[in-house]
Amino acid sequence: MKHMFKEITLQLLQGFGENLTLFGLTLIMSMPLGLLICFGSMSRFQPLRWLARTYVWIIRGSPLLLQLFIVFYVPGLVFGAPMKNRMMAALVAFVINYSAYFSEIYRGGIESISVGQYEAGHVLSMKRSQVFMRIVLPQVIKRIMPPISNEIITLSKDTSLARVIAVAEVIMVAERFTAKGLVWPLFYTGVFFLLFSGFLTLLFGFIEKKLNYYRG
Amino acid sequence: MFLHVKNIYKKFAHAEVLKGISFSMEQGQALTIIGSSGSGKTTLLRCLNFLETPDSGQIDLKGKCIYDAERDRNCSDVQLRNKRLHFGMVFQQFNLFPQYTALRNLTLAPELLQLERAPRNEQSAIKKKIDEAGRDLLIRVGLADKMDAYPYQLSGGQQQRVAIARALALNPDILCFDEPTSALDPELTGEVLKVIKDLKNEHTTMIIVTHEMGFAEKVSDHVVFMAHGIIEEEGPPEKVFHNPESPLIRSFLQKEDFY
C-alpha cells in the first residue's frame, strides 16, 4: 500500500509537471503580449483599437475549452497541417486566452492613473516614454497586483483543461487509475493544486508587501 | 520685455475659452491672474506650459519667439519638451510622484535630462551635483527633515512645497502656480504662501493663478483680471483691487469677500 502510494504520487507529480510547464510558459508569453494588446485597445488609431477590442471580446466571450479544441483541430481541418504537438496547441490557446484577460487588467490599471501624473511629468520636460516607464508603470504594477495574482492563480488551475486535447496533465494521469477502478488518485490531485496555489498566495503576499513602501 | 504673450486663442470642442489674451511682464516680477472659475485662467497657464497648444497667437520670451501658433501648433514632442523648459508649473493637486521620496521627486527630471547628453564617465558626478542641488532646494522650502519622506507621509502644505521645489529644480525662466493653495486646509495655506513670498523676495519671475485675494494684493507687481476668456482689467494691485474701471471686478471681489 505504502509502495503504491509513492508510485502513484510520482506519476501524478510527473503529470503535474505538464501543468507547471503550461503554467510557466503561458505566463512568460501572455503577460507581455497582453501589454501589446492593451496598447492596441488604448490606441488613438481607431482601426487598431477596434481590432484589439474585438479580439478581447471574442476571446473573453467564448469558453477556453472551445478555444483549445479550435486551436488543436482547425489547422488540420482547414489547412491540412494537423497539430502534432498537443502541448504546443494547448500553449497557443492559453497564451491567446490569457493575454486578452491580462490586457484588460493592464488597461484598467493604466486608466486609473490620474492625468495629473502625466502632466507633472510633461511639464518637467520628460519624454513620453520616460513618463510611462518612470512614473506611470511603477504605479500601475502596484495597483494591478491583486487582480493579476487572482488571474495567475486561476491559470494554475485552468491548466487542467488541457486534458481535453489529451495533454497528459495531472488529472488525465489520475483518470487512468480511475479507469482501473482506483478513484482516490483523482481526488488526490486536488492536493497538488492546493499546495501550488498556496505557494502562489504566499509569493504574491510577499510582493504586495514589498510594494507597500508607498501609498497612492 | 521679459515675457510677451500676444493674442492667444484657445478653443475646445464646444467652447472658446481664450479669446485673444495679450499681456507682458518683466523679469523678477510676480503677476497674478484672478477671475471667476471658467474665466480661462487655468487654460492660459496650461497654454504657457504647453499642456495645451494655443490655436493662434505668439509667446515671446527674452526677446525670442518661443511659440508661434502658425508654426508650432503641431510641433513634435521633442520641440514641446524644449519649450516647456522655460516654464515651471505647480499644480493645484500637487501631482507629486507617490512612488518616489521628496528628494527623488526633485532629482528625477533633471537627472533624466542631463544624463541624456552626458558621457558615461561624468554621470556619477552629475548625479551627485543634482542630488546636492535638490537637497538645497528642499532646505529652502523648509523641508530639510523630509528629504526621504514619501508624499503620503507629508501634509498637503508640505507636499505643495515639495512640488514648488520640484518645479524650481529645472531652473525655469518663469514659475507658474495654478491655484496652489486651493486644495489645502486653511491652516496649511500660510506655509505655502510664505514660500511664494520668499521666492518673490528673491526675484523669481512668477505667474500665479489664485483665489487668495489678500495674498494677490500683497505679493503681485501686476494683476490680471480675466472674465469670459478675455482680460477685463489689468494693472498694479492698488488699481485693480481698489480703483477698478470694470464693474465686473467689483462684483467678483465682493463674491470673494475681498471687501
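A:Lys142 lies over the face of A:Tyr214, 4.7 Å from the ring centre, where a charge sits over a ring if NZ of Lys or CZ of Arg is within 6 Å of the ring centre and within 35 degrees of the ring normal. In chain B, B:Arg166 lies over the face of B:Phe97, at 4.5 Å from the ring centre.

This is a predicted model, in which local features need pLDDT of at least 70 and side-chain atom pairs count only at pLDDT 80 or more, while totals for chains, interfaces and linings use all residues. Residues are numbered from 1 along each chain as its sequence is written, chains are lettered from A in the order in which they are written, and side-chain values use heavy atoms, leaving out hydrogens and water.

Over all chains, a search of the whole structure finds 21 aromatic pairs (rings of Phe, Tyr and Trp, the last by its six-membered ring, with centres within 6.5 Å; planes under 30 degrees apart are stacked, over 60 edge-to-face, the rest tilted). One of them joins A:Phe72 and A:Tyr73 edge-to-face, at 5.0 Å centre to centre and 65 degrees between the planes. A:Phe72 is buried, with a relative accessible area of 11%, whereas A:Tyr73 is partly exposed at 43% (buried means under 20%, exposed over 50%, partly exposed in between, with a 1.4 Å probe and protein chains only). A:Tyr98 and A:Tyr101 form a tilted pair, 6.3 Å centre to centre with 45 degrees between the planes; A:Tyr98 is buried at 1% relative accessibility, and A:Tyr101 is partly exposed at 27%.
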